[in-house]
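Here is a structure to walk through step by step. Keep the sequence and the 3D view side by side.

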Amino acid sequence: MIIHFIEISELLLTIFFFLLFTKLFPSKIVLISIFVFPYAWLMAKLDAVCGYRIFVAISTLFYLSSFSLLLIYLAQKRRNIEEAIFTSSAVFITNYFLSSIINSLLINPFEGNHIKILFLHLSLFCLALALIYFPTRFLFSWFKRAANRKQQITSIIMLTVSILVIMNSYLFYGELSLSIEKMSIIAAILVVFFMLFFISKQYLFFLEEKHKIEIRNKTYEATLLYTQEIEERYKELRKAQHDYKNLLLSLESYILERDYDGLTDYFTRLKSNEVSSALNMGTQLPQLQNIVNLDIKGILMMKLLALPKDNFDVNIEIKESINFMNRDTVLLVRAIGIILDNAIEELMGLGSGRLDVAFMNFEEDIVIVISNTCKEIAFPLSKLKKEGVSTKGDDRGFGLTILSEIIDQLNGVYLETIYKNDQFTQVLTISKEG
Amino acid sequence: MLNVYICEDDKKQLADLSAIVRSTIMIEEYDMTLELSTVNPYELLNEIQDKKNFIGVYILDVDLNTDIDGIELAAKIRHYDVSGTIIFVTTHEEMAHLTFKYKVEAIDYIIKDDPIKMSHDLKACLKIANERQSHENLQEDIFTVKVGSRRRSFHYADIVYFETSDTPHKIILHTENSMTEFYYQIKDLEKIDPRFIRCHKSFVINKQKIESVDLKNRLVRLSNGDTCLVSVRAISKLR
């Protein structure tokens with residue numbers, strides 16, 4: 001029993017290690033540790049009662065299924081098949097090699113005092129895991145940077161190796177030579193896994209396309225709204241221009257009649273009049289045209305047009321041409337969307353207030369300032385990033401947590417959060433090169 | 001001594017602005033001179049380019065009727081004169097207060113639609129510029145950092161603590177009412193001033209902002225309500 005116990009604990013340790021490594025460690029997974037005892041007991045019974053053949057079959061099955069489970073979990077979390085295969089294969093390969101190395105290092109690996117052996121094995125294993133920390137980190141960062149094609153090939157090789165490793169006890173029980181039977185079973189399993197690989201790849205691609213089409217549709221709708229808005233503003237502007245001409249005419253008549261008192265009177269009335277403000281209107285939304293990246297323009301249109309313009313004072317400042325050159329804007333769009341959503345939600349809650357949006361160019365950066373009226377925040381700002389804390393009461397504060405998670409994934413993006421005089425301001429500094 | 005520069009494309013308004021500035025300096029006896037008033041932004045740039053050891057006050061129109069506007073001019077001025085005071089003169093529809101504030105750190109903007117209010121606001125701005133000069137000697141107590149290519153400054157007295165973020169080398173600076181991210185080495189932060197102490201591998205706190213220390217749980221409570229961890233080694237620093 002002790003052998004199985006050590007084996008399964010080692011596997012569990014490796015899985016924990018790699019999950020921690022990829023920052024995907026769910027605390028619930030610790031619960032699995034409970035199953036270590038029954039599993040070890042079952043395996044020991046199988047080994048003793050049913051003979052080695054059945055035992056090998058069952059344990060291989062167990063390893064294969066845990067491999068696929070891990071694979072599915074990682075693929076679901078990361079939405080990247082190659083990375084999932086790479087990580088889960090790495091788990092099983094390192095587990096296999098580390099435990100074989102430790103077993104071969106000890107002279108009588110499984111003889112003597114049980115507790116002592118257990119302790120020795122597991123502590124050696126932990127030490128080995130600690131030792132491979134830096135090489136693994138290097139490997140993972142290499143993998144992340146590698147080209148798509150390279151990632152695919154590496155993951156396929158890793159998959160093959162890990163399946164061979166998992167099935168090694170099956171391969172080598174009985175005689176050492178490989179029979180046709182065994183080879184064909186291995187081949188069948190490999191084929192199944194490869195097929196799964198390509199199918200899921202295709203499926204993910206399909207999902208992504210669907211998502212893209214959805215976004216495009218939304219942007220299209222927003223563009224339609226935007227066009228309507230612009231047309232309306234244009235009409236207002238035309239009207240103002242018309243009024244303006246009339247004004248000039250009446251001014252002219254005052255001058256022609258040399259009625260300077262009347263002129264002064266008329267002029268002061270004019271200045272306080274709404275005519276000039278009508279001329280000023282319509283300079284806000286059209287500024288969005290200064291943004292070159294369509295998806296960013298789209299999200300701004302969508303969110304800004306969602307705010308009813310009667311109660312809220314919206315100020316947009318995009319005075320220069322804004323172009324996020326080589327940057328991948330997918331995550332940026334999400335970040336801007338979250339900031340705007342939070343601002344708009346707060347304003348809707350207040351019923352009135354002011355929203356400021358500014359985009360500006362710096363030497364190597366683009367700075368986005370989004371500022372909204374906000375009711376008093378009675379706790380330290382850093383709490384806003386904690387899950388579940390929000391200015392809007394309970395269980396709605398995930399926005400800022402997600403925002404800081406997104407920003408942590410982006411290179412050269414800095415967030416500044418300021419709360420001053422009832423204004424809540426988020427400043428994003430984004431380097432153009434990414 | 002402050003040097004005042006005015007750049008405005010409308011000759012009439014330029015003359016008005018110059019007159020207001022001249023009379024204000026004389027009446028209030030500010031330590032300032034009107035160095036240059038011009039319609040050409042490049043003349044202004046040439047003037048300040050090779051000048052050393054001066055503090056400028058710039059009164060700029062936003063629309064200059066040339067290939068650069070007032071905001072770009074201000075950004076260029078910032079290359080030569082980092083601490084100068086920039087004031088924008090603008091009409092209502094050109095107003096861009098966030099851009100003024102964040103891009104060129106302008107202290108204020110004056111809306112020129114109403115001549116009487118404009119004159120009043122300009123006087124107030126000159127007063128602020130004059131007061132800023134007398135505070136200039138406090139400058140050693142400012143922590144300046146680059147956020148990307150943007151420069152941010154904080155008074156030491158405003159900084160509550162620094163914290164490392166999940167991204168390597170990224171630091172979050174906390175004041176009473178703001179959080180700012182930038183790249184820095186945390187071990188260099190405790191060297192900027194003796195009042196900053198490294199109380200944990202991921203925290204550098206301002207000693208003057210400590211509200212209470214909980215030695216039993218090794219926590220320190222700061223004036224903005226946040227709590228930081230304290231490492232065993234750093235306990236002696238806090239006693």
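The model is predicted.

Now move to the strands of chain B. Strand β8 spans residues 159-164 and is mostly covered, with five of its six residues buried. β8(B) has partners in β9(B) and in β12(B). With strand β9 (residues 170-175), the pairing is antiparallel over five bridges. Here B:Tyr161 stands opposite B:His174. The hairpin of β8(B) and β9(B) has five residues between the strands. In this hairpin, B:His169 takes a positive phi near 70°.

β8(B) also runs antiparallel to β12(B), joined by three bridges. The bridge partner of B:Phe162 in β12(B) is B:Val204. Strand β12 (residues 203-206) in turn meets β11(B). Four bridges join these two strands, and they run antiparallel as well. B:His200 stands opposite B:Phe203 in β12(B).

Next, look at the helices against the sheet.

Helix α13(A) has a helix partner within chain A. Helix α12 (residues 294-306) packs with α13(A) at an angle of about 10°, and their axes are 10 Å apart. Angles under 35 degrees count as roughly parallel, so α12(A) and α13(A) are roughly parallel to each other. On the α12(A) side, the contact includes A:Ile296 and A:Ile299. On the α13(A) side, A:Leu332, A:Ile336 and A:Leu340 are among the residues involved. The residues of this contact divide into eight nonpolar, one polar and three charged.

Step back to the contact between the chains. How many residues does each chain bring to it? Chain B gives 25 residues and chain A gives 29 residues. On the chain B side, α4 and β10 (178-183) each supply at least two residues. β10(B) gives the most to that side, with five residues. By class, the chain B side has seven nonpolar, 12 polar and six charged residues.

Chain A as a whole has 14 helices and five strands. Of its 434 residues, 25% count as buried. Consider contacts in chain A between residues at least 6 apart in sequence: 73% of them join residues at least 24 apart.

Now the cores. In soluble globular proteins, nonpolar side chains tend to be buried together. The largest nonpolar core here has 96 residues. B:Tyr58, B:Leu60 and B:Ala74 touch the most other members. The largest share of this core, seven residues, comes from α13(A). Leaving aside neighbours within four places in sequence, B:Ala74 is in contact with B:Tyr58, B:Leu60, B:Ile86, B:Val104 and B:Ala106. Another core, of 26 residues, lies apart from the largest one. Its members include A:Phe18, A:Phe67, A:Leu71 and A:Val165.

Finish with a single residue. B:Ala124 sits in helix α5 (residues 115-134) of chain B. Why does B:Ala124 count as partly exposed? It has 14 other C-beta atoms within 10 Å, and a residue is buried only at 20 or more and exposed at 12 or fewer. B:Ala124 and B:Asp108 are 16 residues apart in sequence and 9.8 Å apart in space, C-alpha to C-alpha.

Key
Residues are numbered from 1 along each chain as its sequence is written. Chains are lettered from A and ligands numbered from 1 in the order in which they are written. This is a predicted model: local features need pLDDT of at least 70, side-chain atom pairs count only at pLDDT 80 or more; totals for chains, interfaces and linings use all residues. Two strands pair if DSSP finds at least two bridges between them. Two residues are in contact if their C-beta atoms, placed from the backbone, lie within 7 Å. Ala, Val, Leu, Ile, Met, Phe, Trp, Tyr, Cys and Pro count as nonpolar, Asp, Glu, Lys and Arg as charged, and the others, Gly among them, as polar. A nonpolar core is a set of buried Ala, Val, Leu, Ile, Met, Phe, Trp, Tyr and Cys residues joined through C-beta atoms within 7 Å. Axes are lines fitted to C-alpha atoms, for helices over the stretch in contact, and angles run from 0 to 180 degrees between N-to-C directions. Angles under 35 degrees count as roughly parallel, over 145 as roughly antiparallel, 65 to 115 as roughly perpendicular and the rest as oblique.
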